[in-house]
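Let's take a look at how parts of a protein chain sit against each other. Have the sequence and the 3D view ready.

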Amino acid sequence: MSSSTVSVPLRQDARTIGLIGLAHGTSHFFHMLLPPLFPLFIREFGLSYSQLGLLVTAFFVVSGIGQALAGFLVDRVGARPVLFAALGCFVGAGLAASTADGYAGLVLAALLAGLGNSPFHPVDFTILNKRVSQPRLGHAFSVHGITGNLGWAAAPVFLTGMTALAGSWRVATAAASGWALFVLLVLWLRRDAIDDRQGAWVHEAKAPGAPAVDDHPLAFLKLPSVWLCFSFFFWSTCALSAMQSFSSPALQQLYGLPLTVTAFVITGFMLCGAAGMVAGGFLVGRTQRLERLIGACLTGAALLLALVGAGVLPGLAAAAVAALAGFGTGLAGPSRDMLIKRAAPPGATGRVYGTVYSGLDLGFAIAAPVFGALMDRGSAAWVFHGAALALLMGVVSASFVGLRVARTARSAAKVPA
């Protein structure tokens with residue numbers, strides 16, 4: 001009896017979605033383990049913005065390479081044990097940061113955090129696709145994206161708040177390690193709900209329009225749609241990297257705003273993104289041409305960021321508009337994840353998501369030192385102009401993905417069953 005004829009209890013789906021959301025939020029929290037503390041590292045270790053940007057690069061180089069490889073590992077041994085190992089790496093990253101006595105110690109923390117981050121997207125989407133029933137899958141993708149944004153939003157508040165409370169950034173990073181250990185314990189106690197060896201709902205079977213793939217484990221790499229999705233993630237993440245790492249000092253340089261205001265712009269950007277993902281979770285099930293929705297959302301966000309970079313707004317208004325741009329990127333999130341699912345061949349979920357999402361890591365790895373160098377040269381406006389341009393390039397990539405998916409679906413419809 002298939003899941004199309006069996007009513008899956010809401011509690012069962014909600015438990016899986018909630019646990020994966022908790023894990024995903026933690027992974028995004030550890031993206032931001034170091035960036036909120038950059039001003040303190042400059043003061044204590046005498047580092048430049050370019051050196052700090054290379055910490056972000058180190059994180060995402062390890063994460064990107066590991067993510068592509070993790071997809072194969074997930075398909076072979078299962079997602080759950082890989083998830084537990086990843087959280088263990090986060091525990092080590094927080095401890096390494098808290099004991100760092102110079103740049104090398106911070107690099108070690110970045111490398112451990114990147115290793116922990118690497119398997120999360122193939123792990124998360126494998127479990128969600130296998131454990132969550134089809135009618136709730138769009139909402140599962142929405143919650144997944146929301147919790148990621150909440151993790152990004154929480155990290156600056158948590159780390160700067162703990163630093164102020166304890167008088168030491170070392171205590172704050174040690175506390176982050178404790179959070180990862182707590183999440184690992186929660187997932188271990190509820191491990192039955194994230195067992196990807198069970199579930200395998202009917203929507204994991206080959207759907208009309210899904211691209212064919214042969215039995216070779218690398219055959220999916222020949223599909224143009226996979227690389228178009230990869231390029232979409234690369235460009236959209238270049239924009240996100242600019243906002244995460246340098247929007248705060250860029251607003252300080254452009255508008256003379258104090259750090260007490262600009263430090264929370266990224267939190268506002270991520271909270272607006274989370275709100276956008278809530279709305280996007282409802283839109284994704286009602287939209288056939290997902291690339292059009294993605295294009296409209298990202299174009300709107302790009303226009304807002306270009307306006308901030310133009311320097312024509314009052315200071316506080318510029319900070320608010322920069323944060324509001326996150327709503328457009330968030331609104332596109334669930335549609336983005338569903339578009340990748342449509343472009344992926346059956347039976348290769350972990351590999352496809354691992355490869356595609358490594359474009360995210362590459363975007364972070366390349367963009368961070370580039371935007372850091374722009375900041376060192378006093379070109380703060382190009383943090384926002386560059387982010388806007390990257391979003392528009394993402395729109396182009398998403399459009400080509402949508403065209404290929406639609407063409408494949410039309411071809412499949414013409415072939416008799």
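Predicted model: local features only at pLDDT ≥ 70, side-chain atom pairs only at ≥ 80, totals over all residues.

Start with helix 4, which covers residues 79-98, and helix 6, which covers residues 120-131. Their axes run 10 Å apart, and the helices pack at an angle of about 140 degrees. That angle is why helix 4 counts as oblique to helix 6. If you look at how helix 4 passes helix 6, the crossing is left-handed.

## Who touches whom

On the helix 4 side, the residues in the contact are Ala79, Val82, Leu83, Ala86, Leu87 and Phe90. They meet Phe120, Val123, Thr126 and Ile127 from helix 6. Sort the residues of this contact by type and you get 9 nonpolar, 1 polar and no charged.

## Rings in pairs

How many aromatic pairs does the structure hold? There are 14. One of them joins Phe29 and Phe158 edge-to-face, with 5.4 Å from centre to centre and 70 degrees between the planes. This pair ties together distant parts of the chain: Phe29 belongs to helix 1 (residues 10-31) and Phe158 to helix 7 (residues 137-166), 129 residues apart.

Phe158 has a relative accessible area of 29%, so Phe158 counts as partly exposed.

## A cluster of rings

Ring pairs also link Phe29 and Phe158 with Phe30, Phe90 and Phe120 into a cluster.

Definitions and conventions. Residues numbered from 1 in each chain as written. Heavy atoms only, no water. Axes fitted to C-alpha atoms, helices over the stretch in contact; angles between N-to-C directions. Helix = DSSP H or I, 4+ residues; strand = E, 2+ residues; numbered from the N terminus. Parallel < 35°, antiparallel > 145°, perpendicular 65-115°, else oblique. Left-handed = near helix turned anticlockwise from the far one by under 90°. Contact = heavy atoms within 4.5 Å. Nonpolar A, V, L, I, M, F, W, Y, C, P; charged D, E, K, R; others polar. Phe/Tyr/Trp six-rings, centres within 6.5 Å; stacked < 30°, edge-to-face > 60°. Buried < 20%, exposed > 50% of the residue type's maximum accessible area, 1.4 Å probe, protein only.
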